[in-house]
Amino acid sequence: MTSKERSGAVYGGIEAGGTKWVCAIGTGPDDVRAEMRFATTAPDETIARAVAFFRDYQRTEVLAAIGVGSFGPVDLALHSPTYGFITSTPKSGWMNTDVVGGLQKAFAIPIAFDTDVNAAALAEYRWGAAQGCDIAIYMTIGTGIGGGAVVNNSLLHGLLHPEMGHMRLPHDMERDPFPGACPFHGDCLEGLASGPALAQRWGQPAEQLPADHPAWPLQAHYLALALVNLICILSPQRIVLGGGVMDQPQLIGLVQREVQQTLNGYIRALAILDDIARYIVTPGLGNRAGVLGAIALAARAISV
Ligand code: ADP
Ligand code: ZN
């Protein structure tokens, strides 16, 4: 892909989150020329701040395209009347927001649009922990849980886009009587294992739970069940786990071990049997995967 990109082109990227937006200008991890972050407020105001940031830069240099990795759900179907919208989000004021339209009115350049997690998956595939993989998954465990996937150099869309955070898991009500926090499903993965679910179940913010708290083996159990489903369905060569909850350093090791135990030797791949520490990993790009992914989306939009 790189060889077909326009040489010398500079891109804009927006990691459009429900809490904050991060805007950047550049071509990749070693070349970020400007960056700005601000809180997500009302849609018009938030989009206007992003437009002002890119306009300012365009006084001196030309942007070839802008990429957006957005919280969702979003409409990614190019011919849909609501393409480029944030659609059914529970986030107040943001339902049916035309993100691409708002940017396209301001800039006559291609605007690429995808989910925040697909963007992060693309960045990890291009520059981070999932380089060289035919199939890779990026999952964030934060305020919500979401997953994106690169499959043979494409991002998975299909019907809508993957909603890995809302898969259903076996839930042992004796071990864990917490009913779950998802407004749609109760005890789906996000309902059981997001940061807010941890806070509700244990009565204190996730970041304040000590490393030896029983919260963490239970958390690893749910994440491992989810990853085992994904491994069985998509056969990824690497899984990258990001988001604030993964800032618990002991958690990734617990997840790795429980994935091995749950698969029970059935999937005879060395990555799982012998090399799990390099199979389920934290992001190679740290917390910059999202915004760098948005830049990578922009680069794709003009590659031939
Ligand atoms: P968002 O999902 O809103 O983009 P984050 O990925 O930072 O943001 O996730 C925020 C969630 O992560 C919050 O629910 C918070 O309680 C949780 N969190 C943040 N730091 C930690 C930590 N060190 N350990 C466990 N949970 C954490
Ligand atoms: Zn759900």
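1. A polar contact here is a pair of N or O atoms within 3.5 Å. The model is a predicted one.

2. Two further side chains make polar approaches to ligand 1, in both cases to an oxygen atom. For E207, an N or O atom of the side chain is 2.6 Å from a ligand oxygen. For T19, the separation between a polar side-chain atom and an oxygen of ligand 1 is 3.3 Å. On its own the ligand exposes 570 Å², and the protein buries 66% of that area.

3. The shell around ligand 1 consists of 13 residues. G142, T143, E207, G244 and Q248 are the closest. Sorted by class, the shell holds 7 polar, 4 nonpolar and 2 charged residues.

4. A separate point concerns T97, which belongs to strand 6, a run covering residues 97-98. Is T97 buried or exposed? T97 has a relative accessible area of 7%, and because the cut-off for buried is under 20%, T97 counts as buried.

5. The surroundings of T97 include both a polar pair and contacts from elsewhere in the sequence. The T97 side chain comes to 2.8 Å from the backbone oxygen of W94. Leaving aside residues up to four places away in sequence, T97 touches P43, I47, G84, F85 and I86.

Terms used:
Residues numbered from 1 in each chain as written. Chains lettered and ligands numbered in written order. Predicted model: local features only at pLDDT ≥ 70, side-chain atom pairs only at ≥ 80, totals over all residues. Heavy atoms only, no water. Helix = DSSP H or I, 4+ residues; strand = E, 2+ residues; numbered from the N terminus. Buried < 20%, exposed > 50% of the residue type's maximum accessible area, 1.4 Å probe, protein only. Polar contact = N/O pair within 3.5 Å; in protein donor to acceptor, adjacent residues only side chain to side chain. Contact = heavy atoms within 4.5 Å. Near = heavy atom within 4 Å. Areas by Shrake-Rupley, 256 points an atom, 1.4 Å probe, with all protein chains shown as cover. Nonpolar A, V, L, I, M, F, W, Y, C, P; charged D, E, K, R; others polar.
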